[in-house]
Amino acid sequence: MITRQRLAAGVCALLAALTAGAAFPAGAAADETGGPAAPKVELVLDVSGSMSTRDIDGGTRMAAAKQAFNEVLDATPEEVRLGIRTLGANYRGNDRKTGCKDTAQLYPVGPLNRTEAKTAVATLAPTGWTPIGPALLKAATDLEGGEGTRRIVLISDGEDTCQPLDPCEVAREIAAKGIGLTIDTLGLVPDAKTRDQLSCIADATGGTYTSVQHKEQLSDRVGQLVDRAADPVVTPVATEGAADCAKAPALKSGLYTDREEFGQQRWYRVDVNPGQELRASVSVADDRAVNPDYGMLLRAVTRQGRELVRGEAAGTGRTDVVSTGLRYPKAKSDGDGAPAETVCLQVTNSFSAAPGVKTSPGLPLELTVDVVDGPDQAHDVAAFGLGRGWWLLGLLVVVGFLAGVVWGWLSRWRVAIWRTN
């Protein structure tokens, strides 16, 4: 978000900077420029004992990760606030309870000092357990605060060894907070169990999973993800739909995120002035195993419950998201000062969880609302006028009847001519 500051405050800040000189670090000055909030990235590295395995270009997995980190640290954009967290780096014993708490912040999220960060990475050695779930929870806390984009890049070579704290459930809980945090995962071992778990973590937050088997591939992919954090993006606003329209949150044009339980309906409200058009779309992602044959419904209704327009979609399990949308133009009023109409948006889904799958938190929902100037002549864009009467259908019936009569007469006339000749 771009914030505006008063001119006097800017002059004072300039004088203070000139007076203080190098007394203030560069990071502090950057935070007060009034520009976009700095993006934050935390690299979460698995330092468990299995990282000593030699199967990446003749070297250990740990050596490949260190090389990738050093190259990424050199290329990290100046505006990115970067941190590093480890899991399984300190405890060498066999006590599971202690091993599952072994996660620490190696380098704090903030302005990057490349020399210090590289020195910290150089000290790492494959050690202990693989507490992915606890590490993700701590990483989410490391990235709290501020309004910029937030991204976790998890690099691991195996499954979490600290069940029953399921990393997939942890990722869903993080996504349910609506803080706009994305988790990308990279797997150093191409086995099915690791792939499934890391893919599940990424899917829960809208991130990506990548299987890595070479040093260069690892460096390139981590660098791409760090650079992506610096790209300008639209951050969704977290909202919470209600059980009925009367209690629904009032939304303006924008992008919103919410969570919807299986088979639940959520309500939202939007004010539409005469001469404007409401355009809304919604997507619900199945971030866990669901039964096939599902659907969703987006309805725009009045406060009294009269349906204005609807959008529907269905799926059979071939995709991991289902989307639909609608448009509702509000006709212009003859007089000035006509009140806005409150349109109630209802989102309903018919997903059902597969056996043994948790239903909480709900499925991730993304709602786009856009209120724009409407067309000169508002009409029912979904039904081409049929929603306002049956005149067109009647006209088609009459035209069809007359066409049939004329065609029958012509056919009989041609038969009569043929018999005469």
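Visitor: How do the axes of helix α7 and helix α8 cross, and how close do they come?

Guide: Two packed helices are described by the angle between their axes and by how far apart those axes are. Here, in this predicted model, the axes of α7 (residues 167-176) and α8 (residues 192-204) come within 8 Å and cross at roughly 10 degrees. That makes α7 roughly parallel to α8. A few reading rules: axes are lines fitted to C-alpha atoms, for helices over the stretch in contact, and angles run from 0 to 180 degrees between N-to-C directions. Under 35 degrees counts as roughly parallel, over 145 as roughly antiparallel, 65 to 115 as roughly perpendicular, and the rest as oblique. Helices (H or I, at least four residues) and strands (E, at least two) are DSSP runs, numbered from the N terminus.

Visitor: Which residues of α7 and α8 meet?

Guide: From α7 you have Pro167, Cys168, Ala171, Arg172 and Ala175, and they meet Gln197, Cys200, Ile201 and Ala204 of α8. Contact means heavy atoms within 4.5 Å. Sorted by class, this contact has 7 nonpolar, 1 polar and 1 charged residues. The classes go like this: Ala, Val, Leu, Ile, Met, Phe, Trp, Tyr, Cys and Pro are nonpolar, Asp, Glu, Lys and Arg are charged, and the others, Gly among them, are polar.

Visitor: Before we go on, what should I know about the numbering and the cut-offs?

Guide: Residues are numbered from 1 along each chain as its sequence is written, and side-chain values use heavy atoms, with hydrogens and water left out. As the model is a predicted one, local features need pLDDT of at least 70 and side-chain atom pairs count only at pLDDT 80 or more, while totals for chains, interfaces and linings use all residues.

Visitor: Fine. What is the strand order in the open sheet of 6 strands?

Guide: Strands of a sheet pair through backbone hydrogen bonds, either parallel or antiparallel. In this sheet the order is β5-β4-β1-β6-β7-β8, and the pairing is mixed. Two strands pair if DSSP finds at least two bridges between them. At the edges are β5 and β8 (209-211), each pairing on one side only. On average, neighbouring strands are turned by 15 degrees against each other, direction ignored.

Visitor: In what sense does β4 pair with β1, and in what sense with β5?

Guide: With β1 the pairing is parallel, over 7 bridges, and Leu45 stands opposite Thr86 of β4. With β5 (residues 103-110) it is antiparallel, over 5 bridges; there, Ile84 has Tyr107 as its bridge partner. Further along the sheet, β6 and β7 (residues 181-187) pair in the parallel sense over 7 bridges.

Visitor: Which residues point which way from β4?

Guide: In a regular strand the side chains alternate between the two faces of the sheet. In β4, Arg81, Gly83, Arg85 and Leu87 point one way, while Leu82, Ile84 and Thr86 point the other way. As for cover, 7 of the 7 residues of β4 are buried. Buried means under 20% relative accessible area, exposed over 50%, and partly exposed in between (1.4 Å probe, protein chains only).

Visitor: What lies on this sheet?

Guide: α8 lies across β6, β7 and β8, running at about 165 degrees to β7. Then α9 packs on the sheet and touches β1, β4, β6, β7 and β8, its direction making about 165 degrees with that of β6.

Visitor: Which residues touch the most other members of the largest nonpolar core?

Guide: Leu45 and Leu218 do, in a core of 32 residues. Such a core is a set of buried Ala, Val, Leu, Ile, Met, Phe, Trp, Tyr and Cys residues joined through side-chain atoms within 4.5 Å. The largest share, 7 residues, comes from α3. Leaving out residues up to four places away in sequence, Leu218 touches Ala64, Ala65, Ala68, Ile155, Leu186, Leu188 and Val212. Apart from this core lies another, of 29 residues, including Ala280 and Phe351.

Visitor: Is Asp57 buried, partly exposed or exposed?

Guide: Asp57 counts as partly exposed, at 44% relative accessibility. Its phi is positive, about 55 degrees, although it is not a glycine. Look for Asp57 in the loop between β2 (54-56) and β3 (59-60).
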